[in-house]
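Please read it alongside the sequence and coordinates.

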Protein chains: 2
Amino acid sequence: MTDRPIPPRRPMTLRDVSEASGVSEMTVSRVLRNRGDVSQTTRERVLEAAKDLGYVPNKIAGALASSRVNLVAVIIPSLSNMVFPDVLGGITEVLDETHLQPVVGVTNYRPEREEKVIYEMLSWRPSGIIIAGIEHNDACRKMLTAADVPVVEIMDVDGDPVDSVVGISQRRAGRTMAEAILKQGFEQIGFLGTQMPLDHRARKRFEGFTETLARRGMEVADQEFYAGGSALKKGREMTETILGRNPDLDFLWYSNDMIGAGGLLWCLEQGIDIPGRLGLAGFNGTELLDGLPRKLATMDAGRRETGREAAKIIAGRADGTLTEPKRVEIEPTVAFGDTLRRYKP
Amino acid sequence: MTDRPIPPRRPMTLRDVSEASGVSEMTVSRVLRNRGDVSQTTRERVLEAAKDLGYVPNKIAGALASSRVNLVAVIIPSLSNMVFPDVLGGITEVLDETHLQPVVGVTNYRPEREEKVIYEMLSWRPSGIIIAGIEHNDACRKMLTAADVPVVEIMDVDGDPVDSVVGISQRRAGRTMAEAILKQGFEQIGFLGTQMPLDHRARKRFEGFTETLARRGMEVADQEFYAGGSALKKGREMTETILGRNPDLDFLWYSNDMIGAGGLLWCLEQGIDIPGRLGLAGFNGTELLDGLPRKLATMDAGRRETGREAAKIIAGRADGTLTEPKRVEIEPTVAFGDTLRRYKP
DNA sequence: CTGAAAGCGCTAACAT
DNA sequence: ATGTTAGCGCTTTCAG
């Protein structure tokens with residue numbers, strides 16, 4: 001056995017497949033992209049050679065040459081929020097039918113991270129951007145506009161979108177919830193939410209809520225906020241605190257289902273009559289609520305549908321089917337569950 | 001005002017910044033990458049021009065020229081599982097200190113999707129791959145090996161890793177849990193889990209569990225599986241079913257905390273003495289459990305730490321600090337909570 | 001400290 | 001149906 005020096009391992013290229021199959025690089029490229037007419041024989045020969053070598057095309061080179069990138073940037077504030085995985089599910093569902101691929105970036109609700117993530121994503125020249133929220137700082141807006149890429153802002157339609165927008169009106173959601181609560185005759189309403197000045201969606205919801213109360217000459221009787229920790233536990237604690245401070249409250253609205261669930265559990269343990277003595281509602285329409293002792297009222301924000309619609313817009317833009325910015329407002333629906341309806345219908 | 005035809009909008013390049021700043025493309029490139037010596041004056045001039053134009057470098061071209069990509073592919077089965085966002089948190093925490101960027105791909109526990117995601121990710125020539133699980137089909141293993149990229153398989157160390165591996169031994173976790181349960185004198189043990197032949201980690205855990213029982217001449221008295229739907233609700237239903245069928249059970253082990261929580265809630269409603277009459281335990285050490293009426297026993301799988309260690313390995317490989325494959329076994333710990341300890345310590 | 005030339009691995013646009 | 005040529009926008013390398 002001769003002892004020839006091993007040449008340094010060079011990354012594999014089209015050329016290797018070309019040589020292995022005895023076909024020009026161009027034809028190999030055609031086969032690998034199912035493009036143009038290639039004879040059945042050549043096609044098979046190439047495919048076999050490629051598979052045999054374990055060849056994976058270099059999309060970096062491909063993208064540079066074709067100025068086409070099949071990536072869709074999805075920028076969201078958090079993964080642990082329950083709602084974002086759902087949106088992502090809707091996006092994936094639609095993109096799976098196309099040649100497009102979602103790529104996720106997380107900002108942790110921090111504007112400076114959002115800026116960095118957008119910059120980073122844009123530097124890969126994606127086919128589209130789906131981004132949570134409609135509030136972005138100037139730098140972000142500038143980048144998104146200048147990039148000349150389809151942009152879909154999601155989960156909030158109250159404001160001035162960069163391009164397309166899909167989601168519920170958070171303000172309207174707040175109003176609708178307030179109306180539902182008032183209609184049931186509740187009057188002393190407490191609000192419990194996250195301490196997040198940067199969660200604009202929660203803020204707008206709250207604004208819509210108070211606005212409707214104000215129109216009837218009412219206001220939120222008490223509020224309580226939390227940050228960090230187990231949302232379920234915080235829900236308990238905040239509920240105990242707010243009711244301790246203000247025993248006359250007859251309704252509690254929670255800014256998300258998880259803290260609402262915590263509150264519900266605590267109230268049941270205390271033997272509080274729900275919803276006779278105290279009504280409760282959460283927000284998001286989380287699946288989780290199905291397993292609680294009593295079904296917490298909530299509001300479905302159409303997360304999955306939001307994801308689907310956003311993805312459809314990007315896909316439409318990518319294949320030229322769609323050329324204009326689009327605005328899709330999703331209708332949020334109140335789920336009364338067992339904790340909001342005081343009077344039997 | 002003259003009516004000159006607007007030239008077609010061409011994507012912005014280094015050249016535009018070069019012209020705007022009156023400096024060669026090469027120097028602009030140097031400034032933008034903080035590379036080499038550039039005079040303070042030139043640097044500022046370039047930076048201003050770039051910012052002014054809203055220039056975002058084209059990483060595709062950069063990566064092609066330098067064969068350096070700052071992306072780390074993170075491939076996980078699901079986002080709605082609670083555990084993966086935590087791992088991702090650990091990964092991000094470490095990568096944030098570097099120039100590397102995580103990019104997430106989701107497989108939905110489907111091997112054919114895993115294959116596709118790996119292929120797609122590899123085609124972008126990432127600096128590393130972090131992938132959940134150690135079980136991959138031949139095509140996947142072949143790609144991962146051939147790619148000549150640092151690979152870290154996570155969350156399971158029982159098997160033959162492609163390269164590096166970080167996580168708990170799922171089998172050992174099952175054994176440890178069995179020992180803890182037996183030590184408390186429980187004897188009629190039921191198991192409740194997900195109906196997922198492809199969730200190898202759950203399977204191995206179960207195998208370790210039964211193995212330990214077998215060593216004492218015991219076996220799992222009954223089992224129940226579910227697929228899809230609200231885990232909390234399924235936990236309730238399964239618990240009712242299994243206890244209905246087999247009232248003599250004195251312990252239930254759930255393959256995840258969410259169904260465990262459902263079971264716990266149901267049992268408490270039924271007035272079952274926990275853990276006197278019936279012991280319960282989940283798995284994962286989820287934060288969620290903090291808010292339950294009683295604290296469910298569980299096992300912390302060190303998710304965040306797993307993410308951190310995996311990211312450290314990739315970072316080390318990327319900067320040349322680390323050259324050998326590494327194996328990091330994380331120690332899972334039993335959290336007794338209020339539902340496992342029969343006798344006060 | 002700055003610039004010029006060559007080329008990364010692929011594909012568009014033409015040949016043939 | 002297949003091959004040839006000329007870049008894509010950047011970075012590497014080498015010269016000033």
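Over residues 12–66 of chain A, the chain is 69% helix and 0% strand, and the end C-alpha atoms lie 20 Å apart. Helices (H or I, at least four residues) and strands (E, at least two) are DSSP runs numbered from the N terminus. An unreviewed UniProt entry annotates residues 12–66 of chain A as "domain: HTH lacI-type"; such annotations are given in the numbering used here, with shortened feature names, and may be inferred rather than shown by experiment.

The model is predicted: local features need pLDDT of at least 70 and side-chain atom pairs count only at pLDDT 80 or more, while totals for chains, interfaces and linings use all residues. Residues are numbered from 1 along each chain as its sequence is written, chains are lettered from A and ligands numbered from 1 in the order in which they are written, and side-chain values use heavy atoms, with hydrogens and water left out.

**Salt bridges**

Side chains of opposite charge can pair when their charged atoms come close. Over all chains, the structure holds 48 salt bridges, a salt bridge being a side-chain nitrogen of Lys or Arg within 4 Å of a carboxyl oxygen of Asp or Glu.

| Pair | N to O distance |
|---|---|
| B:Asp96 and A:Arg113 | 3.0 Å |
| B:Lys59 and A:Glu120 | 2.6 Å |
| B:Asp222 and B:Arg245 | 2.9 Å |

The salt bridge between B:Asp96 and A:Arg113 crosses between chains, from the loop between helix H5 (83–95) and strand E2 (101–106) of chain B to helix H6 (residues 111–122) of chain A. B:Asp96 is partly exposed, at 33% relative accessible area, whereas A:Arg113 is buried at 13%. In these terms, buried means under 20% relative accessible area, exposed over 50%, and partly exposed in between (1.4 Å probe, protein chains only).

B:Lys59 and A:Glu120 form a salt bridge that also crosses between chains, from helix H4 (residues 59–66) of chain B to helix H6 of chain A. Here B:Lys59 is partly exposed at 23% relative accessible area, and A:Glu120 is buried at 8%.

The salt bridge of B:Asp222 with B:Arg245 links distant parts of the chain: B:Asp222 is in strand E7 (residues 222–226) and B:Arg245 in helix H10 (residues 231–245) of chain B, 23 residues apart. B:Asp222 counts as buried, with 13% relative accessibility, while B:Arg245 counts as partly exposed, with 46%. In chain A, salt bridges that share partners join A:Arg172, A:Arg327, A:Glu329 and A:Glu331 into one network.

**Surface charge and selected positions**

A patch of positive charge on the surface brings together A:Arg30, A:Arg33, A:Arg35 and A:Arg68. Patches are made of residues with over 30% relative accessible area and no salt bridge, like charges being joined within 9 Å and nonpolar side chains (Val, Leu, Ile, Met, Phe, Trp, Tyr) within 5 Å. Of these residues, A:Arg68 lies in the loop between helix H4 (59–66) and strand E1 (71–76) of chain A and is exposed, at 59% relative accessible area.

In chain B, B:Arg30 belongs to helix H2 (residues 25–32) and is partly exposed at 32% relative accessibility. Its C-alpha atom is 9.9 Å from that of B:Val46, 16 residues apart in sequence. B:Pro197 occupies the loop between strand E6 (189–194) and helix H9 (200–215) of chain B and counts as exposed at 63% relative accessibility. A C-alpha separation of 9.6 Å is found between B:Pro197 and B:Tyr109, which are 88 residues apart along the chain.

Note on methods. Accessible areas come from the Shrake-Rupley method with a 1.4 Å probe; for residues, only the protein chains shown count as cover. Lys and Arg count as positive and Asp and Glu as negative; His and the chain ends are not counted. The place of a charge is taken as NZ of Lys, CZ of Arg, CG of Asp or CD of Glu.
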